[in-house]
Amino acid sequence: FMKVMAIDYGDARTGVAISDATGLLAGFTTVIHGHKAAAVAQEAARLAKAHGVERIALGLPRTMNGTEGPRAELCREFGALLERETGLPVAMWDERRTTVDAHRILTETGNRGKKRKEKVDAVAATLILEGYLGFLRSSS
């Protein structure tokens, strides 16, 4: 089993979720604040080291018809930066539905207001993590 970090990379806020010791679910979530990719990558690397992460799943935003736009390009650049910073393999994970699902989950659980923005990023990262962990389990 290995510890996985999932990242929902954003302009101002980046959601992070790290699997627990069982590798089944998120044991830790946080949000990194910052606009500069290098600073966000450094903080992600610090967290990865602190939590003993061995692999990273980075949400890749695609349009609903599956094409990649400028956001996806930024994400791929950030992924390359992450690999350099952490020395860990970074898997690009199709996150098409993630943010939509995160908002739906927060609505269902009655999360509203200012704190919601923060939570959406962490929930989105958790959904990326769950999807990726499921993929790892089914492919092993």
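Student: Which residues lie nearest the centre of the largest pocket?
Tutor: Keep in mind that this is a predicted model. The largest pocket has 17 residues in its lining, and those nearest its centre are Asp8, Tyr9, Gly10, Glu95 and Thr99.

Student: Which helices each supply at least two residues of that lining?
Tutor: H2, helix H3 (98-108) and helix H4 (114-139) each do.

Student: And what classes of residue make up the lining of the largest pocket?
Tutor: You'll find 8 charged, 6 nonpolar and 3 polar residues there. The space in this pocket comes to about 260 Å³.

Student: Now helix H1. How many Å should H1 span?
Tutor: Count 1.5 Å a residue: H1 has 15 residues (37-51), so it should span 21 Å. The C-alpha atoms at its ends are 21 Å apart, which agrees.

Student: Which residues in H1 are buried?
Tutor: Val40, Ala41, Ala44, Ala45, Leu47 and Ala48 are buried. Look down the axis of H1 and its buried residues fall within an arc of 165°, so they line one face of the helix. Lys49 and Ala50, on the other side of H1, are exposed.

Student: Which residue follows H1?
Tutor: That's Gly52, and its phi is positive, near 65°.

How values were computed: Residues numbered from 1 in each chain as written. Predicted model: local features only at pLDDT ≥ 70, side-chain atom pairs only at ≥ 80, totals over all residues. Heavy atoms only, no water. Helix = DSSP H or I, 4+ residues; strand = E, 2+ residues; numbered from the N terminus. Expected span 1.5 Å × (residues − 1). Buried < 20%, exposed > 50% of the residue type's maximum accessible area, 1.4 Å probe, protein only. Arc of directions from axis to C-beta. 1 Å grid on protein atoms, 1.4 Å probe; cavity = no way out; pocket = protein on both sides within 12 Å on 5 of 7 lines; lining within 4 Å. Points joined across faces, edges and corners; volume = space filled by probe spheres on them. Nonpolar A, V, L, I, M, F, W, Y, C, P; charged D, E, K, R; others polar.
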